[in-house]
Amino acid sequence: MLNPVPTQLGPVQGREDSGVRSWLGIPYAAPPWGQYRFAPPQPPTPWNTVRDSCSYGPPAPQGLQLPGSDIAPSNDPTPDCLTVNIWAPTPTPEPLPVMVWFHGGAYLAGAGSEKAYNGTSLVREGVLVVTVNYRMGVDGFGQIDGAVSNRGILDQIAALEWVRDNIAAFGGDPTKVTIFGESSGAGCVLALLAMPRARGLFHRAIAQSIPRMFLSQPLAHSVTRAIAATAGIEGTVDASSLEKLSPQALADATRLVMSTMRDCADLWGPLAHSPSPFGPIVDGDTLPEDPWTALRGGAARDIPMITGHTRDEYRIFTAQQKRFKITREEADTALQIFAPNGDADSYRVIMPQAEPGEVYEKVITDYLFLAPTMQAATAAAEAGGHVFVYELCIDPVGGMGSPHAIDLPLTFNTLDTGMGALIPEPTDSVIESGVRMRSAWTRFAATGNPGWPQWGPDQSVQIWGGENPVTRYPEAERLELSLKDTCGALELLQHHELSR
């Protein structure tokens, strides 16, 4: 056992294993239930005796179980889930850079306690790693009458405030904090770049596979109303009515709504065809404007950023749906829904020999991930920011290529768990790509420069895979198309809403 570490709330005691110290399950906010449900995060109750911090706290209620996840569904209606986990090397004379991880999971699932997010390997590169639990689903991202929006991201801000106030006691430098996340975690990173309440709490950002789904308030409210109705609540969707439902009841209703989302396409538009009905809400208050607009206005000018995506983002979703043979009709429908400005012919021009499955996968990949990621990079760079872009292009055994989330086992060197299942026989090349990626991430956390040229007119990117070259962005033609349809908050198709 380690000597107790003082925090502003009380002392905590962790453990050391093979030269890496860890403290798990430390509360940064009060349990978000009872009078605090659907409220902004509240300060936790201090403690006087030494708190054992050798085991993870409970995860926030889950809306679904992610592939490869070790987070089991829970029946606990009020888990003490707003906690952080810390990994640090043995004490050093100088404070070390801090990397704060926000997990992905479609704004519905996941936790900082996933085995896939163990911070040990990154810590061995000379940083502290912090992982965060935050509210998800309706509790974290539902638009509720009379309640503040974006509660899940406000939880993250409270965690960053905890890091600012306490991380020095663990050997971290509170003036050198990097936030990083993947998928919905990357969406949260992008939102934090645009949120006034988060300014000054972090100094660099890494966003891995940014999803497009940022919602207007009317669209988010329509989603919440549909979930509430499925759970048996009609009419006004406010905190007092939803408080009657447990998180598990809301999660069950959310899954039912998700199973029929495509039937809502005339109301929700492209959101109905996405993997999740949730996303950060552009409410004019907590998130005053969509993040791409904010980046164009210079929101990240002083915050160096790494962003990028995997080559075959959507392939894992087609595999999960068991849609291995896409018809020409399905590809044409996907083009009509997702091609920039409805210009389906533009894809056929740049992919004249492509099979329907490839067209289907690429156009959805571009809409959901490539466009939002690369538009963020371009917006930040053109506003004077320091932006570095990568693409992950590995080809492990199994034929899945480089789908969404396959970067996670490389980021954390957790090839034996979670999405590491997609890399059952890691080659020396894949292992080397992971080594270089982690080195670049931690170098960036320390210096603001990962070691390759900034994104600009020459479109230089770091490729993770093969010989790990720095080269011109490989998807240039698809990027040119994706830049024609500006990302922003998705809107409710109001004429349908009014007619109902």
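**How the terms apply**

Me: What does Arg-348 touch, not counting residues up to four places away in sequence?

Reply: Arg-348 touches Arg-328, Asp-332 and Leu-335 when those sequence neighbours are left out; a contact is a pair of heavy atoms within 4.5 Å. This is a predicted model, in which local features need pLDDT of at least 70 and side-chain atom pairs count only at pLDDT 80 or more, while totals for chains, interfaces and linings use all residues. Residues are numbered from 1 along each chain as its sequence is written, and side-chain values use heavy atoms, with hydrogens and water left out.

Me: Why does Arg-348 count as partly exposed?

Reply: Its relative accessibility is 32%. Buried means under 20% relative accessible area and exposed over 50%, with partly exposed in between (1.4 Å probe, protein chains only), so Arg-348 falls in the middle class. Arg-348 is found in helix H12 (residues 344–350), where a helix is a DSSP run of H or I with at least four residues and a strand is a run of E with at least two, numbered from the N terminus.

Me: How do you know how many disulfides the structure has?

Reply: A search of the whole structure finds zero; a disulfide is a pair of cysteine sulfur atoms within 2.5 Å. For Cys-487 the nearest cysteine sulfur, that of Cys-188, is 17 Å away, and Cys-487 is in no disulfide.

Me: Is Cys-487 buried or exposed, and what makes Cys-393 buried?

Reply: Cys-487 counts as buried at 2% relative accessibility. Cys-393 has a relative accessible area of 16% and is buried too, because the cut-off is under 20%.

Me: How much of H4 is covered?

Reply: Mostly covered is the description, as 11 of its 11 residues are buried. Among them are Ser-184, Cys-188 and Ala-194. Helix H4 (residues 184–194) packs on the sheet, touching strands E6, E8, E9 and E12.

Me: What makes E2 and E15 the edge strands?

Reply: The sheet is open and mixed, with 11 strands in the order E2-E3-E5-E7-E6-E8-E9-E12-E13-E14-E15. Two strands pair if DSSP finds at least two bridges between them. Strand E2 (15–17) and strand E15 (470–472) each have a single partner strand, so one side of each lacks a neighbour in the sheet.

Me: How do you know that E14 pairs with E13 and E15?

Reply: Three bridges join E13 to E14, which run parallel, and three bridges join E14 to E15 in the antiparallel sense. Tyr-390 has Gln-462 in E14 as its bridge partner, and Ser-460 has Arg-472 in E15. E14 and E15 form a hairpin with five residues between them, and Gly-465 in the turn has a positive phi of about 140°.

Me: Which residues lie on the two faces of E14?

Reply: Ser-460, Gln-462 and Trp-464 are on one side, Val-461 and Ile-463 on the other, and all are buried.

Me: Which residues touch the most other members of the largest nonpolar core?

Reply: Trp-268 and Trp-441 do, in a core of 167 residues. Such a core is a set of buried Ala, Val, Leu, Ile, Met, Phe, Trp, Tyr and Cys residues joined through side-chain atoms within 4.5 Å. Helix H13 (residues 356–382) gives the largest share, 15 residues.

Me: Where does pLDDT stay under 50?

Reply: It does over residues 496–500; pLDDT is the predictor's confidence in each residue, from 0 to 100. The chain averages 94, and 98% of the residues score at least 70. Where pLDDT is low, the predicted coordinates should not be read in detail.

Technical notes
Axes are lines fitted to C-alpha atoms, for helices over the stretch in contact, and angles run from 0 to 180 degrees between N-to-C directions.
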